[in-house]
Amino acid sequence: MDDSPEFESSAEQLVEQARDFFRRGRLGEAEACLRKAIELEPERSAWRLNLGVTLQAAGRGEEALQCFEIACQCAPKHAEPRLAAAMAAAALGRWPVALKWSEQATQFDPSLDAAWGCRVESLRRLSRREDAMVAFYLAQQNLEIMPATLQNVAEVLVEDAKIDRAMWCLREAIRLEPNLPRARTRLAQLLGDGGHAHRAIELLTEELRLRPGDVGTLLAFGDVLLRQRRNPEAAEKFRRAIEIDPANAAARFRLGVLAVNTRRFAEACTELEMAMRLDPTNPLPRVELARARLENGESAEAGRLLEVHVQHCPPETNPRLDNVEFAVNVSALMLAAQRPALAARALTAAMRFDRVKNTALAWQKLALAHYCNNDLERANEASLTLLKLDPKNVCALHNLALACLAQGEISNAMSWIRAGLAAKPNDISFRRMRWRARLLRYPLLSRLIRSTPNAV
């Protein structure tokens, strides 16, 4: 390679031109200058870093990551390119790669708060929360000021249901770095979830003052306003987010749900269909679209959408069913759309989660799904399990009595009817069933009045 001063000056000039182009937002020309400079001096790690930053700004994350990784090879003992590679991999959701580079960065320079923060976040994303806490304790030994690490360890604590400690970490992070991105927004979300909407709104207002175009903050603000039933203000935040980022599926989804809840079904379908196109991997817009169709009287289309949902997101592998409210609501939607087999499948799969398995309402819905699907054996099993959780559950007693009547098991039916009347003495349905059971003791009358039971 030519090592003459003139040659070196030419490469340096190209880099300076690239910096000027970058400042003016002319990213394509900045990239071209940097590539020419790298051709002249390929061993310059700093220039490859600059090229990676330029590519990231242009939305070309994969190419940026490759550039940073080459920079790591050019500077085998430097922490900076490894930190850049870790952050780029994290932005792409490539957590094993992010972990590798962040670990190397902290080894070469233990004073890098951002590297420790990325290391903690990567471990959490890989479901290694204990290791994430170990990394946090190691960071404490090497750092005096660690806002990024505190911000990321807060998410580990949230997953461990240690909300108060998580909020302390976020407050401390903000105190140490008042302009730390997303910290106020996350703290506001936790406060909003805990019923402290007023303080959450204060924090979100302050964050928008610092970053008026932050879409994540606008979405969080809208969510808090929704909990306050300030629907028009929430919709305004979501629309503002769409103005800034027209391809934002989350904002479209929220507007769609808000439209369903206010019975503006045409608008709801438009927004939810757009959310589905923008983010085909998210199953929630399709479920909400099914709800909109059902509420609008289009039960056949709602059923079709739910069948497609189950095809794309099988209940047996769906982690969202760990949420009791979601599991119960989606099964209720399937039942309303006359898809009891789908409801039974979804709830059966949800029972693999302890919090669902220990919830009476989930078993009540599962029993109903089986009854509607004419599967008396499984329905009765679900009702019996429900009675173990709630011995005076009127729905379970009612359904078991009806099932026994349908099968001609009069003595068993009377036992369940007596239990039902003990739990609810004035219940008219149990009184009627008791009368039917007495009549069914006479074979001739039984053929006249026996009918298929209706579960509740």
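In the classification applied here, Ala, Val, Leu, Ile, Met, Phe, Trp, Tyr, Cys and Pro count as nonpolar, Asp, Glu, Lys and Arg as charged, and the others, Gly among them, as polar. On this basis, the lining of the largest cavity in the structure, which is a predicted model, divides into seven nonpolar and two polar residues, with no charged residue. One cavity of 30 Å³ or more is held by the structure, and the volume of the largest cavity is about 40 Å³.

The residues that line the largest cavity are H309, V310, P315, N318, L321, F326, V330, M334 and A346. At least two residues of this lining are supplied by each of helix 18, which spans 299–312, and helix 19, which spans 324–336. Helix 19 provides the largest share of the lining, namely three residues.

A helix pair was also examined. Helix 15, formed by residues 249–261, packs with helix 17, formed by residues 284–295, at an angle of about 20°, and the axes of the two helices lie 10 Å apart. Because angles under 35 degrees count as roughly parallel, helix 15 is described as roughly parallel to helix 17. The crossing of helix 15 and helix 17 is left-handed. On the side of helix 15, the contact involves F253, V257, V260 and N261, and these meet L284, P285, E288, R291 and A292 in helix 17. When sorted by class, the residues in the contact of helix 15 with helix 17 comprise six nonpolar, one polar and two charged.

Key: Residues are numbered from 1 along each chain as its sequence is written. This is a predicted model: local features need pLDDT of at least 70, side-chain atom pairs count only at pLDDT 80 or more; totals for chains, interfaces and linings use all residues. Side-chain values use heavy atoms; hydrogens and water are left out. On a 1 Å grid over the protein atoms alone, a cavity is a set of points where a 1.4 Å probe fits but cannot get out, and a pocket is an open set with protein on both sides within 12 Å along at least five of seven lines; lining residues have an atom within 4 Å of a point. Grid points are joined across faces, edges and corners, and a volume is the space filled by probe spheres set on the points. Helices (H or I, at least four residues) and strands (E, at least two) are DSSP runs, numbered from the N terminus. Axes are lines fitted to C-alpha atoms, for helices over the stretch in contact, and angles run from 0 to 180 degrees between N-to-C directions. Angles under 35 degrees count as roughly parallel, over 145 as roughly antiparallel, 65 to 115 as roughly perpendicular and the rest as oblique. A crossing is left-handed if the near helix is turned anticlockwise from the far one by less than a right angle, and right-handed if clockwise. Contact means heavy atoms within 4.5 Å.
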